[in-house]
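My notes follow in the order I made them.

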Amino acid sequence: MSALLQPVISLGAWLWGFVAAAVVWVVGQESAPQVLDSLLLLLKTIALIVCIVVPLLLSVAYLTLWERKLIGWMQIRIGPNRVTFFGISWLGGLAQPIADGLKLLLKEIIVPTGANKFLFVLAPVMALMPALAAWAVIPFGPEVVLANIDAGLLYVMAITSMGVYGIIIAGWASNSKYAFLGALRSAAQIVSYEIAMGFALVGVLMASQSLNLVDIVNGQSGNYGIFNWYLIPLFPLFLVYLIAGVAETNRAPFDVAEGESEIVAGFHVEYSGMTFAVFFLAEYANMILVSTLCSIMFLGGWLSPIPLAYATALGMPWLAAGCFGWLFIKLFLVVSSFLWFRATFPRYRYDQIMRLGWKVFIPITIVWIIVVGIWTQTPLWIWWR
């Protein structure tokens with residue numbers, strides 16, 4: 001493993017050297033107050049990144065527990081309830097994700113003899129990196145966003161479409177026919193459903209007239225709560241985006257890229273230990289990301305679903321106020337629907353999946369984009385502020 005880790009360590013050292021050289025150059029170009037401001041901005045950015053990544057990784061870990069518990073309840077089982085903290089029985093199962101993580105961390109990483117060792121290790125990183133990098137522009141509240149850029153939606157589409165490269169490289173670098181077949185399936189599937197997702201986002205762009213995710217959420221604000229959301233005029237696009245998101249993340253019933261009964265776990269069949277765990281993290285991080293984007297673009301983001309007049313009549317006007325809690329509830333419900341689909345539908349055949357993407361979803365999105373385009377030019381369109 002020392003020979004395997006050597007190029008990774010060298011790459012890390014080179015990156016740190018580049019960062020150090022950049023800091024030295026900035027210090028040499030700017031005055032002392034400017035340097036202090038730049039360093040404070042850098043520290044603030046790092047703190048925000050930590051505040052996003054750490055809860056995200058914890059959410060990914062405990063999403064695995066929620067999936068096992070929820071599907072267990074659906075199938076009239078208990079689910080994990082033994083691994084707990086310090087023997088406290090009423091915390092049953094809460095330590096299960098930590099135990100799973102330690103198990104994978106302590107397992108040996110086996111690299112096949114004929115594999116490309118550098119790409120074999122790089123592939124899981126390339127699968128996880130886009131799932132984390134996309135959170136840079138995700139708004140958690142009116143003023144809570146790491147980078148509030150004007151082309152936030154375009155950035156998300158560009159960065160998330162790179163995740164397929166990790167899967168393709170994993171299948172090719174493994175030097176296994178089963179892994180390569182799974183990678184080819186995944187590539188074709190993701191490209192197909194990426195088009196439908198892109199057309200669905202075109203509808204959001206037409207409704208909001210902005211690529212900025214904060215502006216998209218603000219465009220759904222108003223005194224009518226849920227009736228101001230883009231879910232109402234863009235409902236067909238919402239369904240297409242949600243189902244395409246399931247296909248994009250290779251979740252059941254669209255998990256033919258890792259169909260155990262057909263190609264022995266697919267593109268990651270040769271992976272073990274933490275390299276397999278990183279693919280696992282990437283899948284669940286992508287589920288949370290797709291659910292968050294779905295909540296932001298169609299379900300009002302952090303906005304309340306309760307109309308102001310109704311909340312005032314109840315004597316609780318604060319219910320109509322927007323906050324991160326509403327966004328969390330929405331993404332939790334959407335991500336739970338991913339788990340519900342897994343427990344409900346059988347796996348589709350590969351030809352059925354491709355037919356659904358090309359012959360059903362893409363025509364639906366194109367037709368509804370035309371409908372929205374005409375609708376926005378009439379007085380019946382009431383969603384512009």
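Entry 1: I looked up Arg-68 and found its side chain in a salt bridge with that of Asp-100, at 3.0 Å from N to O. Arg-68 sits in helix 2 and Asp-100 in helix 3 (residues 96-106), so the pair ties together parts 32 residues apart in sequence. The model is predicted, so I kept in mind that side-chain atom pairs count only at pLDDT 80 or more. Arg-68 is partly exposed, at 38% relative accessible area. Asp-100 is also partly exposed, at 22%.

**Entry 2: the other bridges.** How many salt bridges does the structure hold? I noted seven. One of them joins Arg-342 to Glu-67, with the closest N and O atoms 2.5 Å apart. This pair links distant parts of the chain, since Arg-342 is in helix 13 and Glu-67 in helix 2, 275 residues apart. Glu-67 counts as buried because its relative accessibility is 3%, and the cut-off for buried is under 20%.

I then turned to Arg-251, which forms a salt bridge with Glu-283; their closest N and O atoms are 3.0 Å apart. Arg-251 lies in the loop between helix 9 (235-248) and helix 10 (260-263), while Glu-283 is in helix 11, 32 residues away. Both Arg-251 and Glu-283 are buried. Through salt bridges that share partners, Glu-67, Arg-251, Glu-283 and Arg-342 join into one network.

**Entry 3: a serine in helix 7.** I looked up Ser-192, in helix 7 (residues 177-208). Ser-192 is buried, at 1% relative accessible area. What does its side chain reach? I found the backbone oxygen of Ala-188, at 2.7 Å. Leaving out residues up to four places away in sequence, Ser-192 touches Met-354, Trp-358 and Ile-362.

**Entry 4: the second largest pocket.** I noted a volume of about 390 Å³ for the second largest pocket. Its lining has 16 residues. Nearest the centre are Pro-55, Ser-59, Ile-288, Phe-328 and Leu-331. Which helices each supply at least two residues of the lining? I listed helix 2 (32-74), helix 11 (273-298) and helix 13 (324-344). Helix 2 gives the most, with seven residues. By residue class, the lining has 14 nonpolar, two polar and no charged residues.

How values were computed: Residues are numbered from 1 along each chain as its sequence is written. This is a predicted model: local features need pLDDT of at least 70, side-chain atom pairs count only at pLDDT 80 or more; totals for chains, interfaces and linings use all residues. Side-chain values use heavy atoms; hydrogens and water are left out. On a 1 Å grid over the protein atoms alone, a cavity is a set of points where a 1.4 Å probe fits but cannot get out, and a pocket is an open set with protein on both sides within 12 Å along at least five of seven lines; lining residues have an atom within 4 Å of a point. Grid points are joined across faces, edges and corners, and a volume is the space filled by probe spheres set on the points. Helices (H or I, at least four residues) and strands (E, at least two) are DSSP runs, numbered from the N terminus. Ala, Val, Leu, Ile, Met, Phe, Trp, Tyr, Cys and Pro count as nonpolar, Asp, Glu, Lys and Arg as charged, and the others, Gly among them, as polar. Buried means under 20% relative accessible area, exposed over 50%, partly exposed in between (1.4 Å probe, protein chains only). A polar contact is a pair of N or O atoms within 3.5 Å; within protein, one must be able to donate a hydrogen and the other to accept it, and residues adjacent in sequence count only if both atoms are side-chain atoms. Contact means heavy atoms within 4.5 Å. A salt bridge is a side-chain nitrogen of Lys or Arg within 4 Å of a carboxyl oxygen of Asp or Glu.
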